[in-house]
Each structure stands twice: as structure tokens, then as C-alpha cells.
Amino acid sequence: DYSTLPNVDGEGVDIYIIDTGVNFAHPNLVGRVFRSPQFNLNLEQTEDDDNHGHGTTSALCAAGTDCGVAQKARIYSLKALGENKSGFGSDILTAINEVIRNASVTGRPSICNLSLGIFPTTSSKNVMWDQTGWDHYLNDGAKTAVTSGVHVTIAAGNGFYGKKRDTHPNCTTDCDETIVVGPMMSTL
């Protein structure tokens, strides 16, 4: 049952999807997907339209008419990842900064969705440290958004690809085998 509670349907709320873009013409999203005014990244000349599908899936979970949590919310597409679902941290931070800027202009309740996977630090292949005074740039970006009044949702449990040796230091067989390691930004 994908029904919502009376008057709890996301009306008046902005959801910012930082991802591979959003399909502006999707039947469950049509008429509610917008570009954020000053986000001019325009990856792959798509104008924030989705050419992969992951960002559209995130938008559907958040606000799809037939399947989303907030079925009347406005969706902003900020394409920071390319067709191959990869990108640069600087593009993600540019998108987060635009979310903060636009949310302060509109004054509407805002949610920033980051359904992303980030590789661990080079200093530790297994742990993304959360240290006082310094964080991973994505942690810092999320914290800045939250302190600016934007609710941030982040994928939990996503993994990243690594080699078997990354998780088994004493590996003796099949050490170059590619495995999914995760979850992101936490101990294995």
C-alpha cells in the first residue's frame, strides 16, 4: 500500500536529487521536476536529465506519484554524476552548495538526497574516519547543509568495489578478485 497519510504528502516541500539526473518526462514525476536556477554543471549536455536511471529511481522513491513517500513534493534535479554513475567530488560539493543557496532563497522545507557511494580514504581502505574538526568532504557538505536547515538523506549500506586483499590482509589465493566492500564510509 503506497498511500500517504491525509495532508502528509510532501506538498510545499522541495526534494533535491544529487545523482545522475532525473527523467523530467517520467509519468510519475512529470510537471514536478525542475532545474535548480544557478546549477550550471550540465554534464554530458543533458541539462540535468537522467541518462542512467539511478537518479530517477531515487526521485521515484522520494516523490513518485504512485510509489513515493512525498507524492506532491517538488523535485530538483542536480546531475553531478555521469551516465556511468561516476563523477567528481567537486561536482557533488557544487550541487550541495546550490541546494543550500536555493533552499535559503525559497524558504521552503528542503531535503537533499545523496544516494551515492564514495570510496574510502587512501590512508585506510576499510574505514572512513569521522574526526572532530576534519571530515571527508561529503560529511562536511552534509553537515553544512543540515546546519543551514536542509534535511539530508544519505544512502546507507552502499558498497564499493575493491580487491579481496583489501579486506583480507593475509590473502594467499585469488587476492586480485574484485569484490563488493562496504558499507560506505564505515568499518567493514
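I began at the end of helix H3, which is followed by Gly 149, a residue with a positive phi near 95°. I note that this is a predicted model.

Next I looked up which residues of H3 (137–147) are buried. They are Leu 138, Asn 139, Gly 141, Ala 142 and Ala 145. Viewed down the helix axis, these buried residues fall within an arc of 165°, so they line one face of H3. I then checked what they pack against, and found helix H2 (89–106), strand S4 (110–114) and strand S5 (151–154).

I turned to salt bridges. A search of the whole structure gives six.

Arg 108 pairs with Asp 14, with the closest N and O atoms 2.9 Å apart. Arg 108 sits in the loop between H2 and S4 and Asp 14 in strand S1 (14–19), so the bridge ties together parts 94 residues apart in sequence. I checked accessibility at both ends: Arg 108 is partly exposed at 28%, while Asp 14 is buried at 1%.

Glu 47 bridges to Arg 35 at 2.8 Å between the closest N and O atoms. I placed Glu 47 in the loop between strand S2 (33–35) and helix H1 (54–63), and Arg 35 in S2, twelve residues apart. Glu 47 is partly exposed at 41%, and Arg 35 is partly exposed at 29%.

Glu 44 and Lys 79 meet at 3.5 Å, N to O. Glu 44 is in the loop between S2 and H1 and Lys 79 in strand S3 (74–79), so this pair joins parts 35 residues apart in sequence. I found Glu 44 partly exposed at 42% and Lys 79 buried at 0%.

Last, I recorded one network: salt bridges with shared partners join Arg 35, Glu 47 and Asp 48.

Methods: Residues are numbered from 1 along each chain as its sequence is written. This is a predicted model: local features need pLDDT of at least 70, side-chain atom pairs count only at pLDDT 80 or more; totals for chains, interfaces and linings use all residues. Side-chain values use heavy atoms; hydrogens and water are left out. Buried means under 20% relative accessible area, exposed over 50%, partly exposed in between (1.4 Å probe, protein chains only). Helices (H or I, at least four residues) and strands (E, at least two) are DSSP runs, numbered from the N terminus. The arc is that of the directions from the helix axis to the C-beta atoms. Contact means heavy atoms within 4.5 Å. A salt bridge is a side-chain nitrogen of Lys or Arg within 4 Å of a carboxyl oxygen of Asp or Glu.
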